[in-house]
Amino acid sequence: FHPYVELLMRHAEQRQLYGLPEALPYLSDAELGRIVDVLNGLVDAVRTEGASVRFKASIKDHLRGPNKNSRELAKYIQAQFDAHSRLLVLRIDLGYRKSVGWPHEGNAVASSVTYEEVKEHRKQLMHHLAAKMLRRSMTGFAVRLEYGLDKGYHHHLMLFMDGRIAREDVTIARMVGEYWNTHVTEG
């Protein structure tokens, strides 16, 4: 998790704030007053630690990897444009159907797949694209895995294709999406 999330979780755990949203409607005024005091203490502790030099250094360390990845991706994209006179670039989002579950029914839902399955699905898709479906026209790709409470696991895929060979970006994106849906994830 991001250091801010870890900071908040650690301080919330220290104050034993588990199940608080569900309990709020049933608390007395005195209990609510105590909870307000606990939450104010939580905010003060998070602000104090969040302003510390040590915590700011942990933020910098946490962002070092993503910043490096961003710079490397920019170089990779520029190299693609330098190497090919015509380049077709597609950006495709690939996700999973939602299943009812955590955090709670009726709101955000969890994905029904595990992290290991997600990695295997990406490997299977990229192998198929490079070896079969787009082998003559694909010049490169970039893929990023994300996890969100609303979408669960999902990939952002950028395909670089030789524009002298590949045309009809919508058709290609639809083929990739259909292959993902029918063969890789099996629906």
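The legends below describe close-up views of a predicted model.

Local features are given at pLDDT of at least 70 and side-chain atom pairs at pLDDT 80 or more, whereas totals for chains, interfaces and linings use all residues. Residues are numbered from 1 along each chain as its sequence is written, and side-chain values use heavy atoms, without hydrogens and water.

**View 1. Helix 1 crosses helix 4.**
Helices (H or I, at least four residues) and strands (E, at least two) are DSSP runs numbered from the N terminus. Two packed helices are described by the angle and the distance between their axes. Helix 1 (residues 3-14) and helix 4 (residues 53-83) have axes that come within 9 Å and cross at roughly 135°. Axes are lines fitted to C-alpha atoms, for helices over the stretch in contact, with angles running from 0 to 180 degrees between N-to-C directions. The two helices are therefore oblique to each other; angles under 35 degrees count as roughly parallel, over 145 as roughly antiparallel, 65 to 115 as roughly perpendicular and the rest as oblique.

**View 2. Residues where helix 1 meets helix 4.**
Contact means heavy atoms within 4.5 Å. Pro-3, Tyr-4 and Leu-7 of helix 1 meet Phe-55, Ser-58, Ile-59 and His-62 of helix 4. By class, this contact has 5 nonpolar, 2 polar and no charged residues. Ala, Val, Leu, Ile, Met, Phe, Trp, Tyr, Cys and Pro count as nonpolar, Asp, Glu, Lys and Arg as charged, and the others, Gly among them, as polar.

**View 3. Phe-1 in the segment before helix 1.**
Phe-1 counts as exposed, at 67% relative accessibility. Buried means under 20% relative accessible area, exposed over 50%, and partly exposed in between (1.4 Å probe, protein chains only). Not counting residues up to four places away in sequence, Phe-1 touches Glu-6, Met-9 and His-62.

**View 4. The buried face of helix 6.**
In helix 6 (residues 169-184), the buried residues are Ile-172, Val-176, Tyr-179, Trp-180 and Val-184. Seen down the helix axis, they fall within an arc of 100°, so they line one face of helix 6; the arc is that of the directions from the helix axis to the C-beta atoms. Their cover includes strand 1 (87-95), helix 5 (115-133) and strand 5 (152-162). Just after helix 6, Glu-186 takes a positive phi of about 50°.

**View 5. Ser-137 in the loop between helix 5 and strand 4 (138-148).**
Ser-137 is buried, with a relative accessible area of 7%. Leaving aside neighbours within four places in sequence, Ser-137 is in contact with Phe-160, Met-161, Asp-162, Ile-165 and Ala-166.

Definitions and conventions: Expected span 1.5 Å × (residues − 1).
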